[in-house]
Amino acid sequence: LYPLAVTSAMLCVLGLTQLLDIDFFRSYFGRWLICFGRYTSVANDLHFTFQNREIYQTVYNINYVSFYLTLLLPIYALLFLRADNLKWRVIWGAEIALLFVNLIGSKSSGGILGLAVAFLVALIVCNRKLLNWIKPLAALILIFAVIAALTFSLWGAELSGAFHNVVASDPGRGYTEEGLQTTEAASLEPYIDYFETGEKSIALSINHEDLLLKLYLEEQTLHCEAFDGSGAKLDTQHVGGGKYVINDERFFAYLAITFATDEEQHLYAILNTSSVNFQFFLNPDDNCYYYQTVTGYLIPLKKTASIGFQDDLHFGTNRGYIWSRSFPLMKQAALLGFGADTFCVVFPQDDIAGKYSCWGVAFNMIVDKPHSWYIGMGIGTGGISLLAMLVLFAYYVIQSFRIYPKRRFESFLDYAGAGIFIGVCGFLTAALVDDSSVSIMPMFYGLLATGLAINRILRAQSAPEKAAPREKAQAA
């Protein structure tokens, strides 16, 4: 734990420079280290993704910073309570201050969630000893309170945004009074459930209302026919320039259709919303429509399987969308999974409608991670491996709850073991909304193994203590 304290303090000092907008890696020496050797000529051309004083330390996602700090903070908080002289109190106090500042500066609510659960577990584990730690506990609370007050502008906005993303449904999409009264076609953002391409037709759903479009060219005449979910034909109107609108209050304000042709007279149907134009190509070989991507590829579209979060795609900073498309993949991977680190490959990247309803104009983005360690494990290595890991975690948690509330906290192992256990609980909670990473998982597995070893030692030590009263009773 001592070497870990040194390395984590060094990383946190690095993070502090990033928070103060004097990022070490942006300095001449930092750029030189990154582009050492034959790459030094491009050092000044480096582009840094994090521009708003976010703390990333040396990892490529700020979520990972708070993820692993949730694991470490309880360990050194317990060692702070154990310290019996001023020197070690100052050392552990400085360590805790650095860790907490970096956790807040990473601007990731997942770490705050994990830390909150760790705090609750600490109250359960240490409830009988709190009265014995009044002075160091007061000092510890003071450290957290001062840092929290000084950094309120960081964590206050983060928690407010996280709360809004959890409780609020999709903003600005769906039926509104404005949508029913507007006289301008395709002027409002719709919620599109799906696209499904077929023979001379494109099926979709606007604000949960099914719509079938039959779009084709016959005898040099464009045909634009629209049908609702019941099969009733809707009135379509040509308004000039190859543009058609649907004269129905459910669709008028949200969608327009434009036709275009290329040099070879191939037909394109363009579905216009207020911000995005979806381009579909009518393939003359099979008379079926294909969606044309930004790179020019033609792909057929179909309904994407989803479970839950239909009206809450923005839940947890768009995790609602990612998870709703990931749960069906977990069903398919119930046994062996698709393979480690294959999430980006198996995720339905062709879910154009879902991405648009979630990210709007940024719908071409690639979803490369599930934003949940457990979901990633269930999809990558399968349900069996996920179950095995959950059993291991449950074993450790149950075993620790049986040990530490009964301990007197007299030895280093008592404090270290309890700190690791509390940190693991916070880490496993944060893992609900954060991904695993090769940069932090070795630390977690190492501390988990250390915690299991400490539990074994403490159980062996307590066995003679339990046997002694029984022997005395038998002798009497």
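The protein exposes about 23900 Å², of which carbon and sulfur atoms supply 60%; accessible areas come from the Shrake-Rupley method with a 1.4 Å probe, and for residues only the protein chains shown count as cover. This is a predicted model, so local features need pLDDT of at least 70 and side-chain atom pairs count only at pLDDT 80 or more, while totals for chains, interfaces and linings use all residues. Residues are numbered from 1 along each chain as its sequence is written, and side-chain values use heavy atoms, with hydrogens and water left out.

Overall build, then. The protein has 15 helices and twelve strands; these are DSSP runs numbered from the N terminus, helices being H or I of at least four residues and strands E of at least two. The radius of gyration is 29 Å, well over the 23 Å from the globule rule for 476 residues, so the protein is more spread out than a compact globule. That radius is taken over C-alpha atoms, and the rule is 2.2 Å times the number of residues to the power 0.38. Along the principal axes, the C-alpha atoms fill a box of roughly 105 × 65 × 45 Å.

Of the 476 residues, 48% count as buried, meaning under 20% relative accessible area with a 1.4 Å probe, protein chains only. Among contacts with a separation of 6 or more, 62% come from residues 24 or more positions apart; a contact means heavy atoms within 4.5 Å.

Next, the strands. Strand 10, residues 277-283, pairs with strand 11, residues 288-292, in the antiparallel sense over four bridges. Pairing requires that DSSP finds at least two bridges between two strands. Leucine 282 has tyrosine 289 of strand 11 as its bridge partner. Four residues lie between the strands of this hairpin, and asparagine 287 takes a positive phi near 60°.

Strand 11 also runs antiparallel to strand 12, residues 298-299, joined by two bridges. Here glutamine 292 is bridged to leucine 298 in strand 12. This hairpin has five residues between its strands, with glycine 296 in the turn at a positive phi of about 95°.

Last, helix 12, residues 373-380. Why is it largely enclosed by the rest of the structure? Seven of its eight residues are buried, so the rest of the structure largely encloses it. The buried residues are Trp373, Tyr374, Ile375, Met377, Gly378, Ile379 and Gly380. After helix 12 comes glycine 382, with a positive phi near 100°.

Technical notes:
Buried < 20%, exposed > 50% of the residue type's maximum accessible area, 1.4 Å probe, protein only.
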